[in-house]
Amino acid sequence: MTRDRRLSWINGLLLPLFNVLTAFLATAVVFILIDVNPIEATKILIYGAFGYEEGIGYTLYYTTNFIFTGLAVAVAFHAGLFNIGGEGQAYVGGLGTALVALYIDPTLSAWLIIPLGISGGLLFGAMWAIIPAYLQAYRGSHIVITTIMFNFLASALMVYLLVHVLREVGQMSPQSKDFPDSAWIPFVHDVFAGMGYKIAESPLNLSFIIALLFSALVWFFLWHTRWGFAIRATGKSNDAAVYSGINPKKIIVVTMCISGALAGLVGINELMGVQHRLLLDFNYGYGFGGIAVALMGRNHPIGIIIAALLFGILYQGGMDLAFEMQSVSRHIIVVMQGLVILFCGGLEYLYRPILIRFLAPIEASE
Amino acid sequence: MNDLLLNLILTLDASFRVCTPLIFASMAGLFAERSGVVDIGLEGKLLMSAFIAASAASVFGSPWIGLLFAIFASCIFAMIHGLASITFKGNQIVSGVAINILASGLTMILTLAWFKSGGITPTLQGDERFLSITLPGVDIIDHIPILGVIYRELISGHNILVYLAFATVPLVWWVVYRTRFGLRLRAVGENPKAVDTAGLSVEGLRYKALLIGGILCGIGGAYIAIAHNAQFTKEMTAGQGFIALAALIFGKWHPYKVLAACFLFGFLDALAVRLQGVVLPVIGEIPVQLIEATPYILTVILLAGFIGKAIPPKASAQPYIKEL
């Protein structure tokens, strides 16, 4: 094996694997610190996520959200941009979806309303990303800082709209009126029932299929279209992109719009799929979770689906774990997300010096 | 008239209390960013130290012990950030995000493990927390119109950490602009290679900057839990670390300007509380959310270069790789 091959092998497979394992190990240490047997906890967690039909449904329902935000972060990463604003884009994207569902003629066919709702999410998500993107491309402000600010602005905007504008008349809590039936994305258990199979009820709905479709689309877009190539080229080397006739400013804006649009799809799963109304904080934590998913999935759609599934398992299993063990709160999953981001992201190169040193003698002997 | 004056003074008084953690956190950020390390983990450090301060103060019955533990916890987080962004040359923003999320999760888990409650610590009684101090001479000056009210309401009657925050700013200015360490700190944020060539340790300087930041964030977090409030509650920092980051940018990484930005943002926050549900003449009722969002809007506009230009230290966010 040549040195280059070996390095790519280390960077591409060994390092990520070691990093994920370290994150899990660190989680086990946290479990021990709070006096919980990590093996026992893992058993409960896995049973909660896979052990029964309803659990599987919940797992895939959470997975759906993580696929959307993971794709969002990954697309931006490919252009060398860090979109930390997924949280806000998901929030405002949900507003777009909800506006379609609330104000469209409910007698129209679901075949029309649902695609329009999806478009609303895409459009509003992109809208919330375009301002930070424009400011980064043309005014030189840093995308990370602006997207952080836009997360807070999204939150303020949504609270205002839900309290003062969209709240259902006579309703105390800040939420909109229910969407009409024709704006509901069908539950998977209903679809199965229609085909004559009976499965347990869960929030899992056809948004999961839409998430898989979008993963395929993102893969095709990034690796098989001119725009995808331009995005990846800009991310690898800004100068090289300029020399090959790419306008990086335009790429920044386009990439961020796509990224925001993908994050904006969280609303279709949460609102059209499950809640059937607009409410506060439906996006909570998924935007940041998407960062962990993208890092763990190495910014590739297949990796993202796997990582999203893992986080879906952890979310659902974590809920069951908190229910079974009094001393564990479901926030253990938040700690785990943090550890994954730390070890797969910030401390990405933790093992590289050791691995390289370890492999050097073998290399010399060849 | 008197009523308006009193209202104004009370709002300003609240601004002092609200902007104190912003000052500590933004000064922490100032050290980090001046050394070339971006620190978006201010929020996480505030949250973690708020929790640790409240826990330790409750267990040991002393706010000072709470403060010490808070500083210690915050410094551990700062060193994790240092390990990722200085030693292992990872992405500093990713590491900051990790710290924020870790703090959010750990505080929830540990409240349950230590206090059997979801997200709160026991309420602190009496002198288990930092109490307000009445400055000498209040009784004498109180008889003077206007000045008396200002002295009694505005200047006197804060807890010790508020005064410490305002004392910290000139100290930071002095360290950054008048000491050898400050000169090196600024140099390492602008041109680490030059510092390296001069035979100084880039990594060492950056670690020192992060450690100072850790101490300051620890005090800020302790203030939130055991001075401004009397216990830790879930997500109690509520984005103040990010507002501090905004203030740091708004103040263009200069201690006094950052202080002014902190006070402005603190004032807006205090104003939002006072204006809740109040119908003003001509304008009508201003939505609270709009006032709360103002610091973020202002920062975005500033960053976009529409009101002045905010230029961060040149080597910001870049790990230093030594040439061999």
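**Notebook: chains A and B**

I began with the contact between the chains, which takes 38 residues from chain A and 37 residues from chain B. On the chain A side, I found four helices that each supply at least two residues: H5 (110–139), H6 (143–165), H13 (286–296) and H15 (332–346). H6(A) gives the most, with 11 residues. I then sorted the chain A side by class and got 24 nonpolar, 12 polar and two charged residues. I note here that this is a predicted model.

**Helix H15 of chain A**

I looked up H15(A) next, as one of the helices on the side that touches chain B. H15(A) has 15 residues and runs 20 Å from its first C-alpha to its last, close to the 21 Å expected at 1.5 Å a residue. I checked its burial too: 15 of its 15 residues are buried.

**The largest nonpolar core**

I turned to the largest nonpolar core, which has 222 residues. The members that touch the most other members are Ile341(A), Ala50(B), Ala53(B) and Ala247(B). Helix H10 (residues 202–228) of chain B brings the largest share of this core, 15 residues.

I followed up one of these, Ala53(B), leaving aside its neighbours within four places in sequence. Its contacts are Gly66(B), Leu67(B), Phe69(B), Ala70(B), Gly221(B), Ala222(B), Ala225(B) and Ile226(B).

**Chain B as a whole**

I recorded 13 helices and two strands in chain B. The radius of gyration of chain B is 20 Å, close to the 20 Å that the globule rule gives for 324 residues, so I put chain B down as being as compact as a globular protein of that length. Along the principal axes, its C-alpha atoms fill a box of roughly 70 × 50 × 40 Å. Of the 324 residues, 51% count as buried. I also looked at contacts in chain B between residues at least 6 apart in sequence, and 76% of them join residues at least 24 apart.

**Two positive phi values**

Asp281(A) has phi near 60° and lies in the loop between helix H12 (266–275) and H13 of chain A. I list Asp281(A) as exposed because it has 10 C-beta neighbours inside 10 Å, and the cut-off for exposed is 12 or fewer.

Ala238(B) has a positive phi of about 45° and sits in the loop between H10 and helix H11 (240–250) of chain B. I list Ala238(B) as partly exposed because 14 other C-beta atoms lie within 10 Å.

Notes. Residues are numbered from 1 along each chain as its sequence is written. Chains are lettered from A and ligands numbered from 1 in the order in which they are written. This is a predicted model: local features need pLDDT of at least 70, side-chain atom pairs count only at pLDDT 80 or more; totals for chains, interfaces and linings use all residues. Two residues are in contact if their C-beta atoms, placed from the backbone, lie within 7 Å. Ala, Val, Leu, Ile, Met, Phe, Trp, Tyr, Cys and Pro count as nonpolar, Asp, Glu, Lys and Arg as charged, and the others, Gly among them, as polar. A nonpolar core is a set of buried Ala, Val, Leu, Ile, Met, Phe, Trp, Tyr and Cys residues joined through C-beta atoms within 7 Å. A residue is buried if 20 or more other C-beta atoms lie within 10 Å of its own, exposed if 12 or fewer, and partly exposed in between; C-beta atoms are placed from the backbone. The expected span of a helix is 1.5 Å times one less than its number of residues. The radius of gyration is taken over C-alpha atoms; the globule rule is 2.2 Å times the number of residues to the power 0.38.
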